[in-house]
Amino acid sequence: MFKVILWDLDNTILDFLLAEKNSLKAAFRELGLGKCTDNMVKLYSSINVKHWEMLERGEIKKKDVYRLRFQEFLNEIGKDANPSELNELYERGICDTVEFIDDSFKILSFLKGKYKQYCVTNGRKDVQKDRLKISKLDTVFDGVFISDVIGYEKPNKGFFDYVLKHIIPCKKDEILIIGDSLTSDMRGGNNAGIKCCWFNPNGKEKPCDLIIDYEIKELSEIRDILENE
């Protein structure tokens, strides 16, 4: 029986891709860079994911992610701008869009009190704290763990060692992590030796090098998993 749920935030509970799109387009307007097309947004998104995955593999530092992703993006689209300035405008703008995926807030609210629920995220500390407050998710979670504060990113075992040390005492098989990312959430869960639930709304192919105990396409399916465990 599960006692603890570790929830990823971006693209599991909150629609990060929509926030990303809106923020990037707003930053372009503010810097006078012309129209940011949907194709540009897709290009940036792929570059962003690539750099976060490099961070998760320990190939670069988080400060490098913020600088290099926009440096590469601006080079690709042929725009002349300060990558650091664009990054700062983009990061601040992420908080302007808070959109829940499925009925995530209702689901977490329903589970509140029945399970201990914690947020585990790799995002920037100030941005994530603001988003949790604006969305009122800070009223639902029993605790929040942000990589900037811990000093390790998911999937690093150091991140999860810290989390497990600071949640309610329980056995590892009583903990479930739910997230959309194979490289940070599922890999991290494997590194920590806890059960993993992959949120896979787009029906991606299940990898053979990870242990995924549960797979869901809609967040509402988690209730059946918890009730039948």
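Biologist: How many aromatic pairs does the count come to?

Modeller: This is a predicted model, and every value I give is computed from it. Rings of Phe, Tyr and Trp are paired if their centres lie within 6.5 Å. By this rule the number of aromatic pairs is twelve.

Biologist: Are the rings of F28 and F73 stacked, edge-to-face or tilted?

Modeller: F28 belongs to helix α1 (residues 16–31) and F73 to helix α3, so the pair ties together parts that are 45 residues apart in sequence. The ring centres of F28 and F73 are 6.2 Å apart. Planes under 30 degrees apart count as stacked and those over 60 as edge-to-face. The planes of F28 and F73 stand at 55 degrees, so the pair is tilted.

Biologist: Is F73 buried or exposed?

Modeller: The limit for a buried residue is under 20% relative accessible area. F28 has 0% relative accessibility and is buried. F73 has 0% relative accessibility, and therefore F73 counts as buried.

Biologist: How are the rings of F70 and Y90 arranged, stacked or edge-to-face?

Modeller: F70 is in helix α3 and Y90 in helix α4, 20 residues apart. The centres of the F70 and Y90 rings lie 5.3 Å apart. With their planes at 70 degrees, the rings of F70 and Y90 are edge-to-face.

Biologist: Which residues do ring pairs link into a cluster with F70?

Modeller: F70 is buried at 0% relative accessibility, and Y90 is buried at 1%. Ring pairs join F70 into a cluster with F28, Y44, F73 and Y90.

Biologist: K62 forms a salt bridge with D148; is K62 buried or partly exposed?

Modeller: The closest N and O atoms of K62 and D148 are 2.8 Å apart. This pair links helix α3, which holds K62, with helix α7 (residues 147–150), which holds D148, across 86 residues. D148 is partly exposed at 34% relative accessibility. K62 has 10% relative accessibility and therefore counts as buried.

Biologist: Where is R124, which meets E88 in a salt bridge?

Modeller: The side chains of E88 and R124 meet at 3.3 Å, N to O. E88 is partly exposed at 30%, whereas R124 is buried at 16%. E88 sits in helix α4 (residues 83–93), and R124, 36 residues away, is in the loop between β2 (116–121) and α6 (125–135).

Biologist: Which residues are linked with K154 in a network of salt bridges?

Modeller: K154 is also among the contacts of S184 when neighbours within four places in sequence are left aside. The network of salt bridges links K154 with D8 and D185.

Biologist: How many residues of strand β4 are buried?

Modeller: In a regular strand the side chains alternate between the two faces of the sheet. On one side of β4 the buried residues are I175, I177 and G179, and on the other L176 and I178, so that both faces are covered. Strand β4 (residues 175–179) is largely enclosed by the rest of the structure, because its buried residues number five of the five.

Biologist: What is the hand of the crossover from β4 to β5?

Modeller: Four bridges join β4 in parallel to strand β5 (residues 195–199), and L176 stands opposite K195 in β5. From β4 the chain passes through α9 to β5, and this β-α-β crossover is right-handed.

Technical notes: Residues are numbered from 1 along each chain as its sequence is written. This is a predicted model: local features need pLDDT of at least 70, side-chain atom pairs count only at pLDDT 80 or more; totals for chains, interfaces and linings use all residues. Side-chain values use heavy atoms; hydrogens and water are left out. Contact means heavy atoms within 4.5 Å. Buried means under 20% relative accessible area, exposed over 50%, partly exposed in between (1.4 Å probe, protein chains only). Helices (H or I, at least four residues) and strands (E, at least two) are DSSP runs, numbered from the N terminus. Two strands pair if DSSP finds at least two bridges between them. A crossover is right-handed if, with the strands pointing away from the viewer, the path from the first strand over the helix to the second runs clockwise. A salt bridge is a side-chain nitrogen of Lys or Arg within 4 Å of a carboxyl oxygen of Asp or Glu. Rings of Phe, Tyr and Trp (its six-membered ring) pair if their centres lie within 6.5 Å; planes under 30 degrees apart count as stacked, over 60 as edge-to-face and the rest as tilted.
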